[in-house]
Amino acid sequence: MSTDGRGLDHLMEQNDTELDFLSAYGGVDDGEKGDADALFAAVHRFLLAGGVVCEQQDAILVFEHGKVHVDERGCWLTFTGDHLPLVSSDLHAPGFVNASLAKDRSSVTVQLTEWSLEQRRFIERLVEHHRAA
């Protein structure tokens, strides 16, 4: 075994340092947990990156098909539309709490407490649905 190679710890430390800029695009750790304001900012950046025009009023984002507002535990997200592409089980992943999906799937409200791949996919699916409509 060679002793002149870099160790795994060094490699991981180097990558952590070099990849910090990715947090501006939603984070580098899919299990990332942060404070509610950071979560709100991540959701806002993600919506803007998806082409959603948002109007920010303090700790509230308003957009054509919904809104996001922040509280001490996370972000409340509300989307409305015809036949949202969701089923109840979509709202039971980690990081989703206090979820409510209308029986006719015309609206969904959920509190996001994490910013992970599940939350990004959820929002992306709703944004794509509205683009296709």
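**Entry 1: Phe79**

I began at Phe79, which stands opposite Val108 in E6. I am working from a predicted model. Phe79 itself is in E4, where Gly66 stands opposite it. I then looked up the strands behind these pairs. E4 and E6 run antiparallel and are joined by 6 bridges. Strand E3 (residues 66–71) and strand E4 (residues 74–80) also run antiparallel, again with 6 bridges.

**Entry 2**

Leu101 stands opposite Val108 in E6. Phe96 stands opposite Leu112 in E6. I noted the ranges: strand E5 covers residues 96–101 and strand E6 covers residues 107–112. The two pair in the antiparallel sense over 4 bridges. What lies between the strands of this hairpin? I found 5 residues there. Arg105 in this hairpin takes a positive phi near 55 degrees.

I traced the strand order next. The sheet is open, has 6 strands and reads E1-E2-E3-E4-E6-E5, with antiparallel pairing. Which strands are at the edges? I wrote down strand E1 (54–57) and E5, since each pairs on one side only. From one strand to the next, the twist averages 15 degrees. I reminded myself that strands of a sheet pair through backbone hydrogen bonds, either parallel or antiparallel.

**Entry 2: helices on the sheet**

I looked up what H2 touches. H2 packs on the sheet and touches E1, strand E2 (60–63), E3, E4 and E6. The direction of H2 makes about 160 degrees with that of E3. H3 lies across E4, E5 and E6. H3 runs at about 25 degrees to E4.

**Entry 3: H2 against H3**

Then I turned to the two helices together. Two packed helices are described by the angle between their axes and the distance between the axes. For helix H2 (residues 36–49) and helix H3 (residues 117–132), I noted an angle of about 35 degrees and axes 11 Å apart. H2 passes H3 in a right-handed crossing. Which residues meet here? On H2 I listed Val43, Phe46 and Leu47; on H3 they meet Arg120, Ile123, Glu124 and Val127. By class, this contact has 5 nonpolar, no polar and 2 charged residues.

**Entry 4: the largest pocket**

About 180 Å³ of space lies in the largest one. The lining divides into 5 nonpolar, 4 polar and 2 charged residues.

Note on methods. Residues numbered from 1 in each chain as written. Predicted model: local features only at pLDDT ≥ 70, side-chain atom pairs only at ≥ 80, totals over all residues. Heavy atoms only, no water. Pairing = 2+ DSSP bridges. Axes fitted to C-alpha atoms, helices over the stretch in contact; angles between N-to-C directions. Left-handed = near helix turned anticlockwise from the far one by under 90°. Contact = heavy atoms within 4.5 Å. Nonpolar A, V, L, I, M, F, W, Y, C, P; charged D, E, K, R; others polar. 1 Å grid on protein atoms, 1.4 Å probe; cavity = no way out; pocket = protein on both sides within 12 Å on 5 of 7 lines; lining within 4 Å. Points joined across faces, edges and corners; volume = space filled by probe spheres on them.
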